[in-house]
Amino acid sequence: MTPALELCELHKRFGNTEIIRGISLAVRAGERIAVIGPNGAGKSTLFNLVSGRYAPSGGKVFLQGKRIDGMRPFAINRLGLARSFQITSLFSQLSVFDNLRCAVLWSLGYRYTVWRRLSGLADANTRAGQLMDRLGLGHKRDELVKHLTYAEQRALEIGVTVAGGASVILLDEPTSGMSHSETTRFIALIREVTAGKTLLTVEHDMGVVFELADRIAVLVHGELLAFDTPQAVRANPAVQDAYLGLMKTAGLKRVGR
Amino acid sequence: MFTQYFPSRSRRWGTAFSWGMFGLILILAPLALTSSFSHTLLSQIGIAIIVCLAYNILLGQGGMLSFGHAVYSGLGAFMAIHTLNLVSAGRLALPVSLIPLVGGLAGLAMALLLGWVSTRRAATPFAMITLGVGELVWAITLMFPGIFGGETGIAGNRVTGSGLFGITFGPQIQLYYLIAAYTLVCVLLMYAFTRTPLGRLLNAVRDNPERVEFIGFDPQMVRYLAFCVSGFFAGVSGGLGALQFEIVSSEVVGAARSGAYLLFVVLGGTSLFFGPIIGAVLMVLASVWLSELTAAWLLYLGLVFVVMVLVAPGGLASLVVVHLRYVAAKGLRNVGASYLALASSAAVMLLGGVLLVEMFYHRQVNAVLGPTLVLMGVSLDLSRLDVWFGATLLFVVGALLFAVSRRPFDRAWAEFHRQGQDGRADRPSGEPA
């Protein structure tokens, strides 16, 4: 079976600094992958390469067997890959509903339509409305995004990402800046809205990682140290040396981040 | 176009009502103001409304600051006047009433061509490119006097033949109603544009172009298409202007014209749909009427602009909405005193300000005419110190009183800002919840 997402010898260089040093991995359809690694390991860069924000310096990326490296982000998105951002990235002067509505338009085939009224697009309105309710934002329908709380904005960030019905979802630290109880609730939400999809998520909360992920990719200095099931990764001495040990010693500092 | 800024169950009716009122004003205005001067004024206002709304598709809805939008209205005007001359010469059979559409198509064609370059970038680079393109086109119009008439311009005559049912558009009133019809249709279409998927995506591109790329749309394409829509309506406005003035010279594509679009659209308000309409009315009144009243009109304009940008960045439209909401919340009967205080203190401040400006202006520019300034029928001897002192006192006291008397409105103002002055502009009305 064709992997949902496949990276082959991916490289990224910024000037003389090599951030990603030859990463290869294949993700099966429907799998949930957690990408972990210390700060500066290249997790966000990896997502930026896959989603088209940066062009790789070398290597290939395949989405459902189709080569996508070097394509523009919107072209990759149209092929069924969507991503969220670590720093909330929404349309701040638009309402919650309009944020979601904009995000569903392309997948429903409306493109750059000027001859139809937005309010008359029943399918777009229904899909945006249902998603809004699942995100728990139904009561904030007409609220401008800039007036939402942080947690609400994070939820909408996920909503805008999954709204277009992409089959491969990349979430960049979806729970960053959230309290523990919020995180628990949020993980349940992520499970719900990404059900049946292929999910890659960057996550720092180890409890969440081991609970959510089918497989864990451990990134250290731009290289893939391990890519295996949670149990195997936990038992992997190299990972323990390079990363989990580091996490334990730096554990207290991380909480404050 | 107006009522959606207020919560109401019967928004749909409210919207229909405000459109009806807009149409009615367009129809009745020349019957109320019957002088031929006011008919000219009203015609120019109609033309300005179209181009200001077109400009705001870029600025308010797309976040594109253009310093060269006169290129599209201006080239539309040139195309229209040449077409008119072809019709006059009998070489083209086209009703005069359709010539503004030719202007629109010319504006669209230029936007298709030049917009491709301009909209490659957003924000500051976009502004720079439009400035460059504007200068370029202006230089070109001077380089080819055969096409653009040099500094004298290309003249035309809008009366060709006997016209249908005797409507030749010769009399100003006939042309006014043509302009009014175009204004109504164009405003309706531009309003409808804000409710289309592309219109909403344009707002999204304004807010966050990068994220738009990750929901499947090319922000450059969104900007480009919006630019073309704007160019078309600007061209229609230019075509109407060609019929109105029957002469088109290179100043119609110049930076001063482009700057006026920007200035008055901001003054009217970019964040609400009807803001540029207010701006358009002011643009015509200022350039036609205020410039007759005082030689210092550009100074006033600059002052008002700076104050507006600092104090009420939402423009006059945001002030209108704040006060309508205030009145709606308090009840008409309870706001009389506070408005009386506001109006009288503003009048005192304004009087003092105007006196100072006129006195300085007279001293600096018209000093050769002697120290006596005649203003509103009153002679002021500028060599006397007490005149200066009095004017300053009026201004300062007026300003202080104004600061006090606007306090009751502060809450309404803060509330408006909390909700976002532009929030209602992007919110569709009359939609099922």
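To start with the confidence score, pLDDT is the predictor's confidence in each residue, on a scale from 0 to 100. For chain B the mean pLDDT is 88, with 93% of residues at 70 or more. The stretch 421–433 of chain B falls below 50, and apart from near neighbours in sequence it has 30 contacts in the model. A contact here is a pair of residues whose C-beta atoms, placed from the backbone, lie within 7 Å. For the complex, the predictor gives an ipTM of 0.92 and a pTM of 0.90.

Now the conventions. This is a predicted model, in which local features need pLDDT of at least 70 and side-chain atom pairs count only at pLDDT 80 or more, while totals for chains, interfaces and linings use all residues. Residues are numbered from 1 along each chain as its sequence is written, and chains are lettered from A and ligands numbered from 1 in the order in which they are written.

Chain B has domain 1 at 3–321 and domain 2 at 334–426; such bounds come from an automatic or database domain assignment. The C-alpha centres of these two domains of chain B are 31 Å apart.

Chain A has 10 helices and 10 strands. Those are DSSP runs numbered from the N terminus, helices being H or I with at least four residues and strands E with at least two. Of the 257 residues of chain A, 42% are buried. Buried means 20 or more other C-beta atoms within 10 Å of the residue's own, exposed means 12 or fewer, and partly exposed is in between, with C-beta atoms placed from the backbone.

How do the two chains meet? The contact takes 35 residues from chain A and 29 from chain B. On the chain B side, α8 (197–207), α9 (209–213), α10 (219–245) and α18 (423–426) supply at least two residues each. The largest share, seven residues, comes from α8(B).

On to the strands of chain A. Two strands count as paired if DSSP finds at least two bridges between them. One open sheet has four strands in the order β2-β1-β4-β5 (chain A), with antiparallel pairing. β2 (17–27) and β5 (66–67) of chain A are at the edges with a single partner strand each, so one side of each has no neighbour in the sheet. β1 (residues 5–14) of chain A pairs with β2(A) over eight bridges, antiparallel; Leu5(A) has Val27(A) as its bridge partner there.

β3 (residues 32–36) of chain A is mostly covered, with four of its five residues buried. β3(A) pairs in the parallel sense with β8 (residues 198–202) of chain A over four bridges, where Ile33(A) stands opposite Leu200(A). β3(A) also pairs in the parallel sense with β9 (residues 215–220) of chain A, over four bridges, and there Ile36(A) is opposite Val218(A).

Last, two backbone angles. Most residues other than glycine have a negative phi. Gln64(A), not a glycine, has a positive phi of about 50 degrees, and lies in the loop between β4 (58–63) and β5 of chain A. Glu173(A) has a positive phi near 45 degrees, in the loop between β7 (168–172) and α6 (180–193) of chain A.

Are these two buried or partly exposed? Gln64(A) is partly exposed, with 17 other C-beta atoms within 10 Å. Glu173(A) counts as buried because it has 21 C-beta neighbours inside 10 Å.

Definitions and conventions. Contact = placed C-beta atoms within 7 Å.
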